[in-house]
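This briefing goes with the sequence and the three-dimensional model shown here.

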Amino acid sequence: MNVELQRVSYEEKGILRNLLEFYLYEISAYLDSLELNPYGQFEYRMLDHYWTDGTRHPFFIRSSGKIVGLVLVREWERAPDQSITWLMAEFFILRKYQKLGIGRAAAIQAFELFPGRWIVSQIESNAASRSFWHKIISEYTNGAFQSIQLGNQPAQQFEAKAK
């Protein structure tokens with residue numbers, strides 16, 4: 001199984017928007033605040049910022065050439081020494097491609113693309129997401145991570161190294 005992250009070009013923004021609809025539909029089961037707009041769509045307010053703000057990075061997840069998910073990474077904060085803390089803003093694998101190792105491979109690639117401190121948060125009530133991230137981060141760091149709260153959400157903080 002070949003898994004790769006492909007940066008989303010501005011011309012492919014519509015494809016990413018379509019994928020985000022599936023993602024937002026999935027997580028709407030956990031977030032009462034997510035509602036359809038008058039056009040029957042969920043809205044991802046920050047989408048355009050991924051092409052206008054240099055601190056945001058959009059990727060498709062591809063497996064054997066097919067788009068199977070998305071990764072949105074953003075700079076969370078920059079310390080005085082210019083070190084960056086990265087945030088996994090969004091991460092999604094289409095249901096039929098879950099539990100095949102694609103998510104694990106994509107997450108590790110994202111960590112290695114952006115070395116430094118990371119924060120990955122989950123929706124408290126999404127047990128599957130919490131289990132996935134705890135397992136992946138624990139394996140990736142050999143248990144060297146901190147469990148923290150990001151607002152009212154559980155999260156993990158750890159250091160990622162370049163490949």
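Leaving aside its neighbours within four places in sequence, which residues is serine 63 in contact with? Serine 63 is in contact with Met1, Asn2, Val3, Val68 and Ile102, where contact means heavy atoms within 4.5 Å. The model is predicted: local features need pLDDT of at least 70, side-chain atom pairs count only at pLDDT 80 or more, and totals for chains, interfaces and linings use all residues. Residues are numbered from 1 along each chain as its sequence is written, and side-chain values use heavy atoms, with hydrogens and water left out.

- Serine 63 belongs to strand β2; helices (H or I, at least four residues) and strands (E, at least two) are DSSP runs, numbered from the N terminus.
- Serine 63 is buried, at 9% relative accessible area; buried means under 20%, exposed over 50% and partly exposed in between, with a 1.4 Å probe and protein chains only.
- Serine 64 sits in the loop between β2 and β3 and is exposed, with a relative accessible area of 57%.
- Phi of serine 64 is near 50°, a positive value in a residue other than glycine.
- Most residues other than glycine have a negative phi.

**Helix α1**

- Helix α1 covers residues 13-27, 15 residues in total, and reaches 21 Å from its first C-alpha to its last.
- That reach is close to the 21 Å expected at 1.5 Å a residue, the expected span being 1.5 Å times one less than the number of residues.
- Lys13, Leu16, Leu19, Leu20, Tyr23, Leu24 and Ile27 are the buried residues listed for α1.
- Seen down the axis of α1, these buried residues fall within an arc of 145°, so they line one face of the helix; the arc is that of the directions from the helix axis to the C-beta atoms.
- The partners against which the buried residues of α1 pack are α2 (49-52), β2 (56-63), β3 (66-78) and β4 (84-93).

**Second largest pocket**

- The second largest pocket holds about 190 Å³ of space. A volume is the space filled by probe spheres set on grid points, which are joined across faces, edges and corners.
- On a 1 Å grid over the protein atoms alone, a pocket is an open set of points where a 1.4 Å probe fits, with protein on both sides within 12 Å along at least five of seven lines; lining residues have an atom within 4 Å of a point.
- Its lining includes Arg17, Leu20, Glu21 and Leu24, as well as Tyr44 and Asp48.

- Lysine 99 lies in the loop between β4 and α3, is exposed at 83% relative accessible area, and has a positive phi near 65°.
- Helix α3 has twelve residues and reaches 16 Å from its first C-alpha to its last, close to the 16 Å expected.
- Its buried residues are Ile102, Gly103, Ala106, Ala107, Ile108, Ala110 and Phe111.
- Alanine 106, within α3 (residues 102-113), has a relative accessible area of 0%.
- Not counting residues up to four places away in sequence, alanine 106 touches Val3, Leu5, Ile61 and Phe91.

**Strand β6**

- Glutamine 146 is in strand β6 (residues 146-150) and counts as partly exposed, at 47% relative accessibility.
- Beyond four places in sequence, glutamine 146 touches Ala155, Gln156 and Gln157.
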